[in-house]
Amino acid sequence: MRASGILMPISSLPSAYGIGCFSKEAYEFAEACGKAGQTYWQILPLGPTGYGDSPYQSFSTFAGNPYFIDLEELIGSGLLTKQECDSVDFGSDPEDIDYEKLYAGRKELLQLAYRRSNIAGDKAFLRFVKKNAYWLDDYALYMAVKNHFGDVCWAEWDEDIRLRDKKAMLRYRELLADEIRFYQFQQYLFFTQWEKLKTYANARGVKIVGDIPIYVAYDSADAWANPRLFQFDRDCRPIKVAGCPPDAFAKTGQLWGNPLYDWPKHKKTGYAWWMKRMTMCFELYDVVRIDHFRGFDSYYAIPAGDTTAEFGSWEPGPGAELFKTMREKLGEKAVIAEDLGFLTESVIAMVKESGFPSMKVLQFAFDSDAQNAYLPHHYHKNCVVYTGTHDNDTVVGWYQGLNRKTKKHVKQYLNLTRANDQTLTRAMIRCAMASVADMCIVPMQDYLCLGSQARINTPSTLGGNWCWRMQKGAFTEELIGEIRDLTALYARAPVGDGKKES
């Protein structure tokens, strides 16, 4: 069934106190999506971020980012005062995230709310802790111990707790009991607030498309708590790490540094860890986009300690077996396979066997000729078309960076005699909407016709990423109407006007 949606990270929403969160502006955005006839709101990973601020390098694949907790709700419940929140410096630019100030200010306020909460005796909190003990126990302990050692990665902790000696585990649980409860408290707030927001969006006909990285970070509770599931040596140090080989975009490749899975050991457990991970994802989201899907067929392994990705090798992944197991244990689930990049015949076969829709990105369509697989005349129905993703420039910025020959190709394909920011962006969106792809997702920046200043991420770079925020009031009634009309024109609108009463 034809449908469309908007890609908009939670962090990029306008709101008070430094970063987009589960505030009233998030509810307003969900409402606007419904009014605009959108079936989907796609977000980025929700996990807690660390160095580099990337949602794809999280301290836990199960936990939520405490930055997204709505402080205004805590003010309303009496855990904080407006004066306390207003007194913290979160930065002066409402269209930019200052992560350094956010890190210091948010934690201080959440600690204050925790001390006033008397949460230890709250029955709902205790039920939450018990239900999520399978990941929350390790995560809360990990963060508390990490804080105890000055926020360094677990690779630098004392050996007894780094290697999870039973006596050390017990000692730190007793020593850091209050700090552990503080991290549990943050997760309770996060999941409680997220569930309310998702329910609100769903009631307005809007489904949430979540995004999960294929890998976990080395600096994570996942790697520390499950060392046998990764390619570690006896001292729990990585043997090989993840990345991508050299290509036209990165001459020395991309060195991500994530630990690699020991797939034979996962297989022996019936992929139990993965089943827990995916079960959690389908509780959080309606649809799950799995990043770097090709890595399940074969993955690029780089010797640990290398400073570039030039000397890695391709190793076999679990292939379609993982997704067969998922169907057997979890049933049919809505998944999007992020199959971008160089695709071998075996990768293409795995995606086809999975039955999951693949991805098409229009910005990749014009760098060759009419045989380019990303041009819409080559699409099949079971795919998701994007004008660009979080890793691309905006359409405006992308076009400005093209050479004259490619610009000519773009204008010819889109039937444009001239291309200014407005006409080009709208033509790209129309091209995506008109395609046979069952799903069409457009980044919010493209609907706003913004330039490179609104780019979310530039891969293989540190600094300046994940910072863009939408200007308050930018999603106007006029734009809502324009998107609704375009969605209806190409038969992507839901039955009715997209609004449902809760």
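How do the residues of the lining of the second largest cavity divide into nonpolar, polar and charged?

**View 1. Lining of the second largest cavity in the predicted model.** The residues that line the second largest cavity divide into 10 nonpolar, 5 polar and 1 charged. The volume of this cavity is about 130 Å³. Its lining comprises 16 residues, and those nearest the centre are Ser11, Pro45, Pro55, Phe68 and Tyr99.

**View 2. Lining of the largest cavity.** The model holds 4 cavities of 30 Å³ or more, and the largest cavity has a volume of about 210 Å³. Its lining consists of 26 residues, among which Pro45, Gly47, Ser60, Thr61 and Pro213 are the closest to the centre. Helix 9, strand 3 (207–212) and helix 12 (272–284) are the elements that each give two or more residues to this lining. Helix 12 gives the most, with 4 residues. By class, 17 of the lining residues are nonpolar, 6 are polar and 3 are charged. Pro45 is listed both among the residues closest to the centre of the largest cavity and among those nearest the centre of the second largest cavity.

**View 3. Lining of the second largest pocket.** About 550 Å³ of space lies in this pocket. The pocket is lined by 23 residues, with Thr49, Gly50, Phe59, Tyr67 and Tyr103 the closest to its centre. Two or more lining residues come from each of helix 4 (99–117), helix 6 (133–148) and helix 9 (177–203). Helix 4 supplies the largest share, 6 residues. The lining contains 11 nonpolar, 5 polar and 7 charged residues.

**View 4. Packing of helix 6 against helix 8.** The axes of helix 6 and helix 8 (residues 166–175) lie 10 Å apart and form an angle of about 75 degrees. Helix 6 is therefore roughly perpendicular to helix 8. On the side of helix 6, the contact involves Asp137, Asp138, Leu141, Val145 and His148. These residues meet Met169, Tyr172, Arg173 and Leu175 of helix 8. By class, this contact has 5 nonpolar, 1 polar and 3 charged residues. Helix 6 is also one of the elements that give two or more residues to the lining of the second largest pocket.

Conventions. Residues are numbered from 1 along each chain as its sequence is written. This is a predicted model: local features need pLDDT of at least 70, side-chain atom pairs count only at pLDDT 80 or more; totals for chains, interfaces and linings use all residues. Side-chain values use heavy atoms; hydrogens and water are left out. On a 1 Å grid over the protein atoms alone, a cavity is a set of points where a 1.4 Å probe fits but cannot get out, and a pocket is an open set with protein on both sides within 12 Å along at least five of seven lines; lining residues have an atom within 4 Å of a point. Grid points are joined across faces, edges and corners, and a volume is the space filled by probe spheres set on the points. Ala, Val, Leu, Ile, Met, Phe, Trp, Tyr, Cys and Pro count as nonpolar, Asp, Glu, Lys and Arg as charged, and the others, Gly among them, as polar. Axes are lines fitted to C-alpha atoms, for helices over the stretch in contact, and angles run from 0 to 180 degrees between N-to-C directions. Angles under 35 degrees count as roughly parallel, over 145 as roughly antiparallel, 65 to 115 as roughly perpendicular and the rest as oblique. Contact means heavy atoms within 4.5 Å.
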